[in-house]
Every structure is written in structure tokens, then in C-alpha cells.
Amino acid sequence: QVQLVESGGGLVQAGGSLRLSCAVSGRTFSSLDMGWFRQAPGKEREFVAHISSLSGANLYYADSVKGRFTISRDNAGNTMYLQMNSLKPEDTAVYYCAASKRLLYSGSYSATTFYDYWGQGTQVTVSS
């Protein structure tokens, strides 16, 4: 059973930065495609970023975070990261990390159904 644990959320002023971490156990981390999603109150869970398995050569971002957020992975440490810069109040949400053991196909990385495992979420609040 794969377990994902997020950390690093908190309260930050607009324009500030946070770094989220997702620690993974229970399966060879390097073989998993990984993603970040977020869910604001009253809204659907939405895609934020994706990093491919192994070397993490393929990266995908939602348009709303492109240029501000950076996803990365440390296979030796079984951890994925999301560096969030230039934060805006609209980035306020619970952030979830997710892992997939499936084969990636066109556009699938942005769908919640592509992922097999989810963390419990970490709250990010950006004040104006």
C-alpha cells in the first residue's frame, strides 16, 4: 500500500513563497508518476502540476501556476516537492499530492482518475 504525506502548508502573504513536500512510502517511488492538485472551498479539485516517473523529465503545469510554481522530485529521498512563488490569494486551497502507477497517455496527467493514491492534503492560505 502506497502512503503519501504532505507537509509545508501554512499562512503566507501575497507575493510570498512556500515549499510543499510529499513523502511517499510503500512502493518504489521512482516508478510513480506524481502530481499536485488543489481544492478551494466550494470548488472542484483542480490540477496544479505533474512530474513523470524515473528522471522526471516531463513536467506539466496548469496555466494558472505556470511560471510561479515548480514541481520536482528526489528519488533517493522518496519525496516530491512543489515550490510556490509569487503566491496570490486565489492560490488559497487544500493542496493534495497524488501518485499513479499507470501508463501516461495524452492529457491524462490532469485528471484525478489517472492517480491511484492520494495524500490527506495540506492547507495553503494566502492573505491579501
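Which residue's side chain does Glu46 meet in a salt bridge? In this predicted model, where local features need pLDDT of at least 70, side-chain atom pairs count only at pLDDT 80 or more, and totals for chains, interfaces and linings use all residues, the partner of Glu46 is Arg38, at 2.6 Å from N to O. Residues are numbered from 1 along each chain as its sequence is written, and side-chain values use heavy atoms, with hydrogens and water left out.

A salt bridge is taken here as a side-chain nitrogen of Lys or Arg within 4 Å of a carboxyl oxygen of Asp or Glu, and by this rule the count comes to five. Side chains of opposite charge can pair when their charged atoms come close. Arg38 also forms a salt bridge with Asp91, with an N to O distance of 2.9 Å. Because Arg38 lies in strand β4 (residues 33–39) and Asp91 in the loop between β8 (79–84) and β9 (93–100), this pair ties together parts that are 53 residues apart in sequence; helices (H or I, at least four residues) and strands (E, at least two) are DSSP runs, numbered from the N terminus. Arg38, Glu46 and Asp91 are linked with Arg68 in a network of salt bridges.

The accessibility of these residues was classified with a 1.4 Å probe on protein chains only, buried meaning under 20% relative accessible area, exposed over 50%, and partly exposed in between. On this scale Arg38 is buried, with a relative accessible area of 5%, and Asp91 is likewise buried, at 1%, whereas Glu46 counts as partly exposed at 36%. Another of the salt bridges joins Asp63 to Lys66, at 3.1 Å from N to O, and there Asp63 counts as exposed, with 66% relative accessibility.

The strand pairing around these contacts was assigned by the rule that two strands pair if DSSP finds at least two bridges between them. Strand β5 (residues 46–51), of which five of the six residues are buried, runs antiparallel to β4 and is joined to that strand by five bridges. Within this pairing, Phe37 has Phe47 in β5 as its bridge partner, and the hairpin of β4 and β5 has six residues between the strands, with Gly42 taking a positive phi near 75°.
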